[in-house]
Amino acid sequence: MRYFATVGGSASDTNIEEKVLASSPIMEAIGNAKTTRNDNSSRFGKFIEIGFDKKYHIIGANMRTYLLEKSRVVFQAEEERNYHIFYQLCAAASLPEFKELALTCAEDFLYTSHGGSTTIEGVDDAEDFEKTRQALTLLGVRDSHQISIFKIIASILHLGSVEIQSERDGDSCSIPPQDEHLSNFCRLLGVEHSQMEHWLCHRKLVTTSETYVKTMSLQQVVNARDALAKHIYAQLFSWIVEHINKALQSSLKQHSFIGVLDIYGFETFEINSFEQFCINYANEKLQQQFNSHVFKLEQEEYMKEQIPWTLIDFYDNQPCIDLIEAKLGILDLLDEECKVPKGTDQNWAQKLYERHSNSQHFQKPRMSNTAFIVVHFADKVEYLSDGFLEKNRDTVYEEHINILKASKVSNTGNGTGKVTPWGN
């Protein structure tokens, strides 16, 4: 961006270069996290278009995002952190304007302490938070909207720390009446405490003849609670991206653009789950695009123009993509298993073994009946099937959304550009 602005200059007085650069600390705060390999790893993909007029002056920019790693909001592996914004906000919790957030240090909240590593050497979260706030201001996010954003982030931390008690029967749960975290969650989002307390532990089932309320086991309640937290964060993430795009919009006609794709690299860890599978699937598709445009189509153009050229052989990864996305492929069988009333990760793994044992891109590990191996273009990756069904469903109950929609907080809502964590 700096290079283009220096060479071509800017077509407006609003200094679009400065605004685009200001989007970086915001996106890093809400979309980057510490992993075992990188202290500032992007846990989402983005495609940025930098727009130019006919004189090749920069006139604006637009960003599209992909594959936000929502699961990180509710769980982090050992030595990893949640998104930076949570730690930044906790580091600034003592500021007078944030007293109502009722936050303490990051170690005190479940959603920020899973990895057991709440700090990053050489990083001052409070200092970075100030940069995030300055960037939001530069992009036109009003103070009232900034406070709303921070309330939503704080409410997610409180939601994750609500105490859920399993009853003796094992099929029902309750929340202590005086649970401070639930009270703070409801107060910050302006929702009714009694309704939230009830529907966190119950769900509504609708049949053709009747509607009835069912209790949930501890694991079901935790899954539903975590799904709600992920949904709220994803909606907030989308709102911030939308607001950044509005700030970078230009009324001038775009003549051309340069596109930059920044997305996860291929991933393989000691334990690979649903997230790595989605990331590596995306990389397979990107590799196919690269092969098609850089090798196949380009070489066809050379042949048309009769340019002397020695054809380059390239690896065709279409069979691996078919394994994943074709009819009765890995994703198709996963969706089907999610619809089965008593579907399990283990049953799904067995169906994969039965269906794809003869595929050259699929293998069953010798020592496991719950894992499977995909031979990707970059490497063999062993995926553990545990959690695939739950993450693929990502069920957010309608009762939870309805409670949020009934929020009494005046500066959260939708349709007016106001901050909303739940959508329509």
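Glu-275 counts as buried, at 13% relative accessibility (buried means under 20% relative accessible area, exposed over 50%, partly exposed in between, with a 1.4 Å probe and protein chains only). Its partner in a salt bridge is Lys-391, at 3.2 Å from N to O (a salt bridge is a side-chain nitrogen of Lys or Arg within 4 Å of a carboxyl oxygen of Asp or Glu). The pair links distant parts of the chain: Glu-275 sits in helix α10 and Lys-391 in helix α14, 116 residues apart (helices, H or I with at least four residues, and strands, E with at least two, are DSSP runs numbered from the N terminus). Lys-391 is partly exposed, at 27%.

Keep in mind that this is a predicted model, where local features need pLDDT of at least 70 and side-chain atom pairs count only at pLDDT 80 or more, while totals for chains, interfaces and linings use all residues. Residues are numbered from 1 along each chain as its sequence is written, and side-chain values use heavy atoms, leaving out hydrogens and water.

The whole structure has 17 salt bridges. Here are some of them:

| Pair | N to O distance |
|---|---|
| Arg-43 and Glu-267 | 3.0 Å |
| Glu-275 and Lys-391 | 3.2 Å |
| Glu-337 and Lys-351 | 2.5 Å |

Glu-337 in helix α12 and Lys-351 in helix α13 are 14 residues apart. Glu-337 is buried at 1%, whereas Lys-351 is partly exposed at 35%.

Now for Arg-43: it is buried at 3%, and Glu-267 is buried too, at 7%. Shared partners join Arg-43, Glu-69, Arg-72, Glu-80 and Glu-267 into one salt-bridge network.
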